[in-house]
Amino acid sequence: MTEPTQDQPPQEPRRWFSPAMERAGAAYSAWAAEQTETYNTHHPTGDWHVDVEASTFRQGDKTVRVAPLGTFGTDGSWVWAWANPHMHPPGSPRLAASIALREFGQQYDIPELVTPRLEFGDFADPRMAAERLCLAATGTLSGYGYASVTANTGARFAMMVVDDVIPRAEFDLVTLPRRIMQGIEIFPFDQPGTVHGYLARHGFTVERTGEQALRGVRPECTVTAEFNEHRALAHLSVQNTPS
């Protein structure tokens, strides 16, 4: 490897995906993180077994239905399930989720969702890049959470949970600000989209109330969010509806 010179400064490790992927991830990052936390509560860590052909994942004494997303290799590569014919034969029903993501990527011109193999070796944290990708997939497809396990080869097999035995995360007015900020921390580049997506998934009717504000309404409360000139969340307020 050539040492950097004064004319060739060292290249900073990557942290972010393409702008289109970052926007897609931001749309439901708060909701997906909350739902995945709910999944982890109802399917706690334990001895595990994955039946790839049956699309099931047993952990402890509980088994859930899953859909393969992809494989994260020891070399920092990510291969989508639809691009791995040795593990998932073309036409297999278990590919439905990853193919739906590919079609979403084609529709919205998101390179990460249509590229068979992604190289995360130049990211500051390759494994975190894979985790963010799984979270974005879960949010986009309204999954019940996601999980990954390490195979004998050292590669990690990532799955989206598609089993309605896992409950949906319930809306909690008290934790709403924390949930929104958690989503923004994971995918920070479209904060209005994060707030809008979280409220919409929890049954709010959401509307823009200006260039830099939106309002979400449910029978029991109203949430107002204001953003600064950089589209960063500047103020979030919650008002209970009088009974």
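A: Two strands are taken to pair if DSSP finds at least two bridges between them, and strands (E, at least two residues) and helices (H or I, at least four residues) are DSSP runs numbered from the N terminus. The model is predicted, so local features need pLDDT of at least 70 and side-chain atom pairs count only at pLDDT 80 or more, whereas totals for chains, interfaces and linings use all residues. Residues are numbered from 1 along each chain as its sequence is written, and side-chain values use heavy atoms, with hydrogens and water left out.

Q: In which order do the 4 strands of the open sheet stand?
A: Strands of a sheet pair through backbone hydrogen bonds, in either a parallel or an antiparallel manner. Here the order is β8-β9-β10-β11, and the pairing is antiparallel.

Q: How many bridges join strand β9 to strand β10?
A: Antiparallel strands β9 (residues 213-218) and β10 (residues 221-227) are joined by 6 bridges. Within this pairing, Val-217 stands opposite Thr-222 in β10. Helix α6 lies across β10 and β11 and runs at about 155 degrees to β11.

Q: How many residues lie between β6 and β7 in their hairpin?
A: There are 5 residues between the two strands, and Gly-154 in the turn has a positive phi of about 95 degrees. β6 (residues 146-150) and β7 (residues 156-161) pair in the antiparallel sense over 5 bridges. Tyr-146 has Met-160 in β7 as its bridge partner.

Q: At what angle do helix α1 and helix α5 pack?
A: Two packed helices are described by the angle between their axes and by the distance between those axes. Helix α1 (residues 19-27) and helix α5 (residues 126-140) pack at about 60 degrees, with axes 8 Å apart. That makes α1 oblique to α5, given that angles under 35 degrees count as roughly parallel, over 145 as roughly antiparallel, 65 to 115 as roughly perpendicular and the rest as oblique. The crossing of α1 past α5 is left-handed: the near helix is turned anticlockwise from the far one by less than a right angle, while clockwise would be right-handed.

Q: Which residues of α1 meet α5?
A: Contact means heavy atoms within 4.5 Å. Met-21, Glu-22, Ala-24 and Gly-25 in α1 meet Arg-132, Leu-133, Ala-136 and Thr-140 in α5. The contact of α1 with α5 consists of 4 nonpolar, 2 polar and 2 charged residues, where Ala, Val, Leu, Ile, Met, Phe, Trp, Tyr, Cys and Pro count as nonpolar, Asp, Glu, Lys and Arg as charged, and the others, Gly among them, as polar.

Q: Which residues of α1 are buried?
A: Buried means under 20% relative accessible area, exposed over 50% and partly exposed in between (1.4 Å probe, protein chains only). The buried residues of α1 are Ala-20, Met-21, Glu-22, Ala-24, Gly-25 and Ala-26. They pack against α2 (29-42), α3 (96-108), α4 (111-114), α5 and α7. Arg-23, also found in helix α1, is partly exposed, with a relative accessible area of 47%.

Q: How far apart are the axes of α2 and α5?
A: The axes are 8 Å apart, and the packing angle is about 100 degrees. The two helices are therefore roughly perpendicular to each other. In α2, Ser-29, Trp-31, Ala-32, Ala-33 and Thr-36 meet Leu-135, Thr-138 and Gly-139 in α5. The contact of α2 with α5 has 4 nonpolar, 4 polar and no charged residues.

Q: In which sense does α6 pass α7?
A: Helix α6 (residues 176-186) packs with helix α7 (residues 191-201) at an angle of about 135 degrees, with axes 10 Å apart. That makes α6 oblique to α7, and the crossing is right-handed.

Q: Why does Trp-82 count as buried?
A: Trp-82 counts as buried because its relative accessibility is 16%. Trp-82 lies in the loop between β4 (77-80) and α3. Leaving aside neighbours within four places in sequence, its contacts include Leu-95, Ile-99, Arg-102 and Pro-116.

Definitions and conventions. Axes fitted to C-alpha atoms, helices over the stretch in contact; angles between N-to-C directions.
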